[in-house]
Amino acid sequence: MRKHTMGLLAMAAATTLTLSACGGAEVGGESEGEETAAGGEGITIGIKYDQPGLGLQDGAEYTGFDVDVAKYVANELGYSEDQITFKETPSANREAMLQNGDVDMIFATYSITDERKEVIDFAGPYFVAGQDLLVAADNTDITGPEDLEGKNLCSVTGSTSAEKIKTDYAEGVQLLERPGYAECVTALSAGQVDAVTTDDIILAGLAAANGDGNLKVVGNPFSEENYGVGLPKGDDRCEDINAAITKMIDEGAWEDAVAANTEGTDYTPNADLNPPTPEACA
């Protein structure tokens, strides 16, 4: 990722950030006393910590497509990488964390919906995902949700993805719930289930993390999820963020980030919807 050459003011800001981190957590962690973009020193960005290929914490390292887009956008807004603090934003807490000022923006497979737009703002989308299926690489029987009749399907407890298939496509599918997608992938690899379901790019990240080439995304998405950048209501950075997303796409960095984070899975985003054009800011 490109880095701006910092002048004296930026160097001073980075030094201040580092010193404050020493008193709490390191930059990239969750230091409570750390100043954010509102104070002009840095920016706090919410991500997932447990989604391989999208947002994953490994010690002091943060990786994934969401992370790469977040770094690119922050850089275009004038923040060097060492001025970014990443903070975990579980799905259920995202709106509250924006409203409370815990984070300045969120990149966390955050689907743009009218309901959410009542309490927060969005920039983007920067990716359009779709519900899909993860199966064994040599599976030729399952090409879409209709093929799951009588088959075993794994999804995460509390997710609506598996129920959607049972309701709309395959009434006779047998559902297996697990606490997380990693456990579903383990069940699939062991032959305990025939498929795993959630958004296609999440499945591709899981397959890439599995690392043995034995899993594949079917590539027949049957929903549309617009991943946006969550912002506090009334935030004035939407236009600049959209410009950064467009630049990332035009430069080829967006495509590179998708490829790097789904390597070895033969995953290709839905070409009819990706790369997306950001929506006009409200």
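Biologist: What is the relative accessible area of Tyr169, and does that make the residue buried, partly exposed or exposed?

Modeller: Tyr169 has a relative accessible area of 28% and is therefore partly exposed, where buried means under 20%, exposed over 50% and partly exposed in between, with a 1.4 Å probe and protein chains only. This is a predicted model, in which local features need pLDDT of at least 70 and side-chain atom pairs count only at pLDDT 80 or more, while totals for chains, interfaces and linings use all residues. Residues are numbered from 1 along each chain as its sequence is written, and side-chain values use heavy atoms, with hydrogens and water left out.

Tyr169 sits in the loop that joins helix 5 (161–168) to strand 10; helices (H or I, at least four residues) and strands (E, at least two) are DSSP runs numbered from the N terminus. Apart from neighbours within four places in sequence, Tyr169 is in contact (heavy atoms within 4.5 Å) with Pro145, Glu146, Lys164 and Phe222. Leu148 lies 21 residues from Tyr169 in sequence, and the two C-alpha atoms are 8.1 Å apart in space.

Strand 10 (174–178) also belongs to the cover of the buried residues of helix 6, together with elements including strand 8 (131–136), strand 9 (152–156), strand 11 (195–199), helix 7 (200–210) and strand 12 (215–217). The buried residues of helix 6 (residues 181–189) are Tyr181, Cys184, Val185, Ala187 and Leu188. They cover an arc of only 160° around the axis, which places them on the same side of helix 6, the arc being that of the directions from the helix axis to the C-beta atoms. An α-helix has 3.6 residues a turn, so residues three or four places apart point the same way. Just after helix 6, Gly191 takes a positive phi of about 80°.

Helix 8 (residues 238–251) can be described in a similar way. In helix 8, Cys238, Ile241, Asn242, Ala244, Ile245, Met248 and Ile249 are buried. They cover an arc of only 160° around the axis, which puts them on the same side of helix 8, whereas Glu239 and Asp250 are exposed on the face turned away from that buried side. The buried residues of helix 8 are covered by elements including helix 2 (65–76), strand 6 (105–106), strand 7 (120–129), strand 13 (225–232) and helix 9.

After helix 8 comes Gly252, with a positive phi near 90°. Helix 9 (residues 253–261) packs against helix 8 at an angle of about 75°, with the axes 4 Å apart. Helix 8 and helix 9 are therefore roughly perpendicular to each other, a label given to angles of 65 to 115 degrees. At their contact, Met248, Ile249 and Glu251 of helix 8 meet Ala253, Trp254 and Ala257 of helix 9. These contact residues divide into five nonpolar, no polar and one charged.

Methods:
Axes are lines fitted to C-alpha atoms, for helices over the stretch in contact, and angles run from 0 to 180 degrees between N-to-C directions. Angles under 35 degrees count as roughly parallel, over 145 as roughly antiparallel, 65 to 115 as roughly perpendicular and the rest as oblique. Ala, Val, Leu, Ile, Met, Phe, Trp, Tyr, Cys and Pro count as nonpolar, Asp, Glu, Lys and Arg as charged, and the others, Gly among them, as polar.
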